[in-house]
Amino acid sequence: METGRPQRSAEDSRQRVATLSDEALTASVDDVRQAGFAPLDPVQRQRAWARLEARLFERTKTQVLLDRFVVLDYLGAGGQGRVYSAFDPRLDRKVAIKLLLPSTDLEAMSRVIREARTMASVADPNVATLFDVGRFEDDNGKGVFLVLELIEGPTLGEWLAQRRPWRAALAQVIAAGRGLAGAHAVGVVHGDFKPQNIMIAKDGRPRVLDFGLSIFRRDMPAGDDERTHGFVRGTPAYLAPEQLAGGGASPASDQYAFCVTLWEALVGTRPFSAKDFRELAVAKRAGPPAMPRDSHVPLRILELCRRGLDPDPRRRFSTMTDLLTALEAASSVHRRVAAIALGAGFAAAMLAWLQHTPAACDESANLFAPERRAAVEAAVVTTATPEARVTWDRIGPQLDEYARAWTDLHAQACASEPERSDGIRDRRMGCLRRAERAMRSTVDVLANADAQLVLYADDLVEELPSLDACERAEGAAVVAPPDPMQAAAVEAVRSQRALATTLRVGSELDRAAAALAEAQRLASGIDYPPLAGEIALEQGAIADAQGRYVDAATAWSHALDSATSAGQWAEASEASRRLAFVVGVRLAEPDRAMVYAEIARGLILRTRDPAAEPKLLSTQCALQLQRGTLSEARESCERALALFEEQQENDTSDTIDARAALGMVLVVQGELTFAVELLESLVDDFDRRFGKRHIRTANAHAMLGETLRRANDLDAAEAEIREALATLTEIAGPVHPLAGQWRSNLGAVLSARGRREAAMIEFREGLAIIEQTLPANHPHIAVARMNVGHALHADAKAREAALEFGGALVGMQSSFGPQHPLVAHARHNLGASLIDMGCYRAAEVHLRDSLAIRERVFGPAAVETAFTRHTLALSLNGQGRREEARAAVERGWTDLDALLGPDDPQVAVVTLALGVMMREDGDAAGSVQRLERVWPAQADREDPNTRAPIAYALALASFRVDPSAPTWRDFAERARAGYREFGARGSERLRELEAWIEAAEKRSPAASTWRVPLPPASADCPALEVAG
Amino acid sequence: MASDAELLGAWRRGDEVAGSALARRHFESILQFFRTKAPAFAEDLTQETFLQLLRARDQIDALASFRAYLFGIARHRLLHHFRDSGRAHDKLAARGAEPEPGITSPSGNARRDERRERLLAAMSHLELDLRLAIELTYWHGLSTAEVAAVIEVPAGTIKSRLRRAREQLREQLHSQGLTQQDTDTTMLQLVRPIAGD
């Protein structure tokens, strides 16, 4: 016998048993009731009793009742309860009843009830409808039962067992996945998704069962004699690794289970097999399975599946919907309305369109009849620009195809049974009517197009609603107006609204507003709730296009409310998304906007429109950029673009937004090369698709130019913007709102290159164009005025600059409200100009306001804030409040230097001020030290604006330090050269400098105490307006 | 509340309502008795037990315990069943050939369910009468005298049988590789009040 471990002897074990006496055992009763038996559920008990009684007393069996339900047959047992079929006499239908047994864990029970109630509110076609939740009580305790839709049919597992083609299997599993997504949308997680929990009903549609009941499950792994550590609920084959490790269920783990199911359905075998629990866990943690070698299933689909099987839940898809969208796209289950080659026009009988009543089923609808087609072609082509023909060649076939596809769908819908209880036909018809209205108004508008409108022809065609949505027949049920008279009136309103949309997309904002006003007027006499949301949605869009962002937000907010109450999910989804953008980006309140983004995300699931997802992601990207969470922004944008690409929407205006946003993110992240590449590829794409002479191509060039400017490649930036302007002038003439913007941008580039006069011309002309082409308070006007103001300020024309800034300020406040960062910017600039004018007191007021806003929006240590603090200091300095000023300048310098480093021009400006103060306060050496630090970067700059004064300050300071060293002379020379470059406006300074040099040569004492005078306090200052 | 004897008497005199009440009172215990050892046949065996009771009803002498009598019938039914189906001793694992999925309650009771399963598995290795002694004592709450009547042994031997049964159970549980503590905890599963108390 080995030492160490004593063997157990029978004697020992008897001893141990003896120590636990009867009394001890009896006495130590634990609080668990019914430890011995698996308890019977009351239905089981009743049925057994009913059978016994019948047999014993030779009677017919009494009915077993549960609440009001008559229990019929035992259907089977799941992991958490037995299921019976039953009859509901009140609603006269058969149902399924699942009993859950009582528990001492009241919290878990309440949770199940809560989730059941939530699930009951989800009428999802792919979820077994939960009708009711009931409680029962019998002499053995209380329990809960669920009343469910009775589904007669096989489980998915059984269905799959008869070899199915992979496409069919995929479609079924995807449909089941939609049920899952629907539940996630209301916050319920399944926890035990698997083929046995999906049933294929008689109508062929899969239904997912047993949401949230996973807490009741206790399926031990088959054949496992080992002890399980922790307690695992659910069927191990389908559980995610984090669940196997004891973690709870989550949407990500549902996704995992979904992918296991999908894999099984497509490949025919389970993705992971193991002989016991532990091995299974190890296999799953090692990663997704290898691709099967001989499968007919396209690899790209299996690849998506594998992502869902990633052991790290964060690397799976963010949501089920993302996964489902990707799957559908990958399997081309989706049909796109593809543009076909030049084809014949559409020949058919006469149409009802003249009266603008929707095509009924007994008439043949003709959306694009030959005469209309000819009219549009004529209108487009006779604008007589070279690209007109090309435009027509592009949009003509697209319109043909749209009309054709619409007619097919319409015919199909008309042919289908009218009385399907799930309303598919109604939804399809409603959708088709909407498409019809849009097509008609587009054709009408195009048939009367002028050259300006033809520029937007592609936008108009893109704006046509997707026919895929009609085919899918998803979305809210259509509530038809009750009587035919009202129906006609509603139709008229909607046609006007469609017209307004078309005009807006064609950039005819005034006419659009008029059309919508007419729609509004017509609608006011009708009591049909859905109209309110539809009209408000368009109102928001028009206001947004006109730059009236506050109005747009109000309108969209109304739209969201109305649409939500009326169950119009598509409209609500769009309203919330647009709201998120306008509030978050335009009005610069990203936190408030996040709420709307969340709402939009929830609503997307309701609409089940795959096209909505990338648009929302794009919006989220912009919001995240606004908030500064750059990596999130980047990810959102990249995902949006990936989805657009999958949906083959590579060159629509939505993609432009996403790419532009991504470009901006990259710029802010400092990835300038990528940003430039991205925008360059955008230019290429548009060039290829639309040709050089198209507004989108020009726009792409302009965006590229802007990116290059930020990347400081000023040569290339100038070239791109000039290219954009040239194209635009050719196709649209010189007076176009975009021309105004781009000229302003060009001015900024020229200004950075030091070409002041050229810059000023561009700024002024840009402003003039914008004022001419946009409504009075449009924010672009204010921005353009700011640019002009900048240029004037740099030209030392402080008074004129102040006027521009003041005007810009008024505009900004009216567009954005008093707390907007652009308002802060305007006030800052105004303050700076006022300082130059010697209006220190007025400057202080504006600068304090600006500082408050910037501190709040950007934080106390951000660049903008620091710079404003610095400028405020200068206003204090001018009032003689030297100590305050000095302290503020020091602080500003500290912040900016830390943020930007000594080579940044802003740091140079701040250092200059600080250096001067230090010298004046007696610390010449310190002054030299600070200034020398920023000098090298400034020395090489084209622009003398900062270079000259710094050289001057260095000359003065070095002289103070050591008059005999030659340093001061070098600096003085540089200063002199710099001021000469100023030309006329530098002459005064130059004279002053010369005078000082003379004094310095003579070593006169004045040279040491020399101060560059500040602008004297002026008596002629603009009236102070109360800030905020 | 009428006693078993009263109900039985009334039933013998033709009162079916009383008979029904008596059967109802005990039927679940009998059902559970069979469910732990022959789950697939539990209902049938239960019905047979009561039918047998009906047949013998009029011949019953004064009973010390109706319950014991009834369980006695049940035990005979079970033995017949095993003989007929070729099993000398029911060694089915706790989950049985046709598992009745344990309708469990969530979270905290999960461990208990695990332990119960282990216990039942261990019990299935016991000699039938020893097993019955355990079940009848701890789960059905029969008195020593009643248990003795059911398994047809002298009353004084019950205590030692119980001891032996527990010993064997411990051996069984040990051989499954449980620690001492787990064994103790599992053994505690034996003790509980009867359903409905």
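Is Cys839(A) buried or exposed? At 1% relative accessibility, Cys839(A) counts as buried, where buried means under 20% relative accessible area, exposed over 50% and partly exposed in between (1.4 Å probe, protein chains only).

The structure is a predicted model, in which local features need pLDDT of at least 70, side-chain atom pairs count only at pLDDT 80 or more, and totals for chains, interfaces and linings use all residues. Residues are numbered from 1 along each chain as its sequence is written, chains are lettered from A and ligands numbered from 1 in the order in which they are written, and side-chain values use heavy atoms, with hydrogens and water left out.

## Disulfides

A disulfide is a covalent bond between the sulfur atoms of two cysteines. The table lists their geometry.

| Pair | S to S distance | Torsion about the S-S bond |
|---|---|---|
| Cys431(A) and Cys470(A) | 2.0 Å | -80° |
| Cys621(A) and Cys637(A) | 2.0 Å | about -85° |
| Cys839(A) and Cys1021(A) | 1.9 Å | -100° |

The link of Cys431(A) and Cys470(A) is left-handed. This pair links distant parts of the chain, 39 residues apart, with Cys431(A) in helix α14 (residues 424–447) of chain A and Cys470(A) in helix α17 (residues 467–472) of chain A. Helices (H or I, at least four residues) and strands (E, at least two) are DSSP runs, numbered from the N terminus. Cys470(A) is buried, at 1% relative accessibility.

The disulfide of Cys621(A) and Cys637(A) is also left-handed, as its torsion of about -85° shows. Here the link runs from helix α24 (residues 612–627) of chain A, which holds Cys621(A), to helix α25 (residues 630–646) of chain A, which holds Cys637(A), across 16 residues. Cys621(A) is buried, with a relative accessible area of 0%, and Cys637(A) counts as buried at 0% relative accessibility.

The link of Cys839(A) and Cys1021(A) is left-handed. Cys839(A) lies in the loop between α34 (821–837) and α35 (840–858) of chain A, and Cys1021(A) in the segment after α43 (1005–1009) of chain A, so the pair ties together parts that are 182 residues apart in sequence. Cys839(A) is buried at 1% relative accessibility, whereas Cys1021(A) counts as partly exposed at 30%.

Cys259(A) is in no disulfide, and its nearest cysteine sulfur, that of Cys305(A), is 4.5 Å away. Cys259(A) is buried, with a relative accessible area of 0%. Cys305(A) is likewise in no disulfide, and Cys305(A) is buried, with a relative accessible area of 0%.

## Cavities

Rolling a probe the size of a water molecule over the atoms shows where empty space is left. On a 1 Å grid over the protein atoms alone, a cavity is a set of points where a 1.4 Å probe fits but cannot get out, and lining residues have an atom within 4 Å of a point. Grid points are joined across faces, edges and corners, and a volume is the space filled by probe spheres set on the points. A search of the whole structure finds 12 cavities of 30 Å³ or more.

The largest cavity has a volume of about 150 Å³. It is lined by 15 residues, of which Met119(A), Leu130(A), Leu148(A), Asp210(A) and Phe211(A) are the closest to its centre. Two or more lining residues come from each of α4 (106–120) and β6 (141–149) of chain A, and the largest share, four residues, comes from α4(A). By class, the lining has 12 nonpolar, one polar and two charged residues; Ala, Val, Leu, Ile, Met, Phe, Trp, Tyr, Cys and Pro count as nonpolar, Asp, Glu, Lys and Arg as charged, and the others, Gly among them, as polar. At least three lining residues come from each of domain 1 (38–150) and domain 2 (153–223 + 230–333) of chain A, with bounds from an automatic or database domain assignment.

The second largest cavity has a volume of about 130 Å³. Its lining includes Thr383(A), Glu387(A), Arg693(A), His694(A) and Ile731(A). α13 (386–415) and α15 (451–454) of chain A each supply at least two lining residues, and α13(A) gives the most, with three. This lining divides into six nonpolar, four polar and two charged residues.

## Helix α20

Helix α20 (residues 530–545) of chain A has 16 residues and should span 22 Å at 1.5 Å a residue; its end C-alpha atoms are 24 Å apart, which agrees. The expected span is 1.5 Å times one less than the number of residues. α20(A) is mostly covered, with 13 of its 16 residues buried. Just after α20(A), Gly547(A) takes a positive phi of about 80°.

Terms used
On a 1 Å grid over the protein atoms alone, a cavity is a set of points where a 1.4 Å probe fits but cannot get out, and a pocket is an open set with protein on both sides within 12 Å along at least five of seven lines; lining residues have an atom within 4 Å of a point. A disulfide is a pair of cysteine sulfur atoms within 2.5 Å.
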